[in-house]
Amino acid sequence: MPFVSLPDMTMHYERAGDGETAVVCVHGNIASWRWWLPVLENPPAGCTLYAPDMRGFGESAGAVTGAGIGRFAADLDEFLRRLALPALRLVGHSLGAAVALQYALDHPGRVESLMLVSPPPPEGMPRSPQADHAAFGLTLPRLAENTPLPFFSPGTRIDRAILSHLLTRITPGMDHRGALFAAIVEDASRVTRETIQDVIDSLEDWNVRDRLPALDLPVVILWGDRDRVVPREPLERMAAELPQAAWIVWEGVGHAPQLERPEAFRSLLADFASEAARGRRPAAQRWWQRARKLWDARSGRT
């Protein structure tokens, strides 16, 4: 269980594989490195995968005040510098996709290619009582410091039973009786009220849409058509505004493609990493065709 010391925290991470291509995977809200466990257990050939626990999550320890997209991106920069990783391929899921996108925008030339899995829209996620964003607290009003949040049991932790229900709803294609699901519920239950509130505020205020045309590198955006957290339309607009974007939709998949269809995700990640390693710019149509062919094969379609 390796750790990296940052100025005000100790960041835990997991590593898998021994290839020359560095792929860094950033988890989402109320999550941890375990959301990447299926691909870490069988990393694509030629890759070394790194999956850090961001500030306030998983096994990382230290200051959690001010957790948010900007702070997470700065932590990621410190982490990558400590490990002295070469130009890399960056993968982010949900909140982690916002962090990955923010990092790529702030550090041009450091990221060779980017995969955004179920990302928030680049204009942020304002609270909406109609949306099923309560799974990550996104519908909650801005609260005073001592006001108890819904979904929290007495104290500062999230109630496990409610978390289990919410995570079941947003990952419809996952085995909810297995050990991995139990582990991600346990990790989520350890996230504090303070971190959740900071993330909620950060996602509401974050907006990088005007910066998208400057991101001239291959970007893959993966979304499942059963995603109850992130709507489709703003992500389609995002793909259209990026210079080199591939928009991929997987049918029958919710908010966590890497957990719901792990083998298909591993194959897509392997293709993504090998394209970048050869210095090629994957065209959106080619990416869509490969992803669609792979998905049809996994689904038993012709």
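Angles under 35 degrees count as roughly parallel, over 145 as roughly antiparallel, 65 to 115 as roughly perpendicular, and the rest as oblique. This is a predicted model, with local features needing pLDDT of at least 70 and side-chain atom pairs counted only at pLDDT 80 or more, while totals for chains, interfaces and linings use all residues. Numbering starts from 1 along each chain as its sequence is written, and side-chain values use heavy atoms, leaving out hydrogens and water.

On the helix 4 side, Arg-160, Leu-163, Ser-164, Leu-167 and Thr-168 make contact (heavy atoms within 4.5 Å) with Phe-181, Ile-184, Val-185, Glu-186, Ala-188 and Ser-189 of helix 5. That contact splits into six nonpolar residues (Ala, Val, Leu, Ile, Met, Phe, Trp, Tyr, Cys or Pro), two charged (Asp, Glu, Lys or Arg) and three polar (the others, Gly among them).

Then there's helix 2 (residues 69–83) with helix 3 (residues 95–106), packed at about 65 degrees with axes 9 Å apart. Helix 2 and helix 3 are therefore roughly perpendicular to each other. Here Ile-69, Phe-72, Ala-73, Leu-76, Asp-77 and Leu-80 of helix 2 meet Leu-95, Ala-98, Val-99, Gln-102 and Tyr-103 of helix 3. By class, the contact of helix 2 with helix 3 holds nine nonpolar residues, one polar and one charged.

Notes:
Axes are lines fitted to C-alpha atoms, for helices over the stretch in contact, and angles run from 0 to 180 degrees between N-to-C directions. Helices (H or I, at least four residues) and strands (E, at least two) are DSSP runs, numbered from the N terminus.
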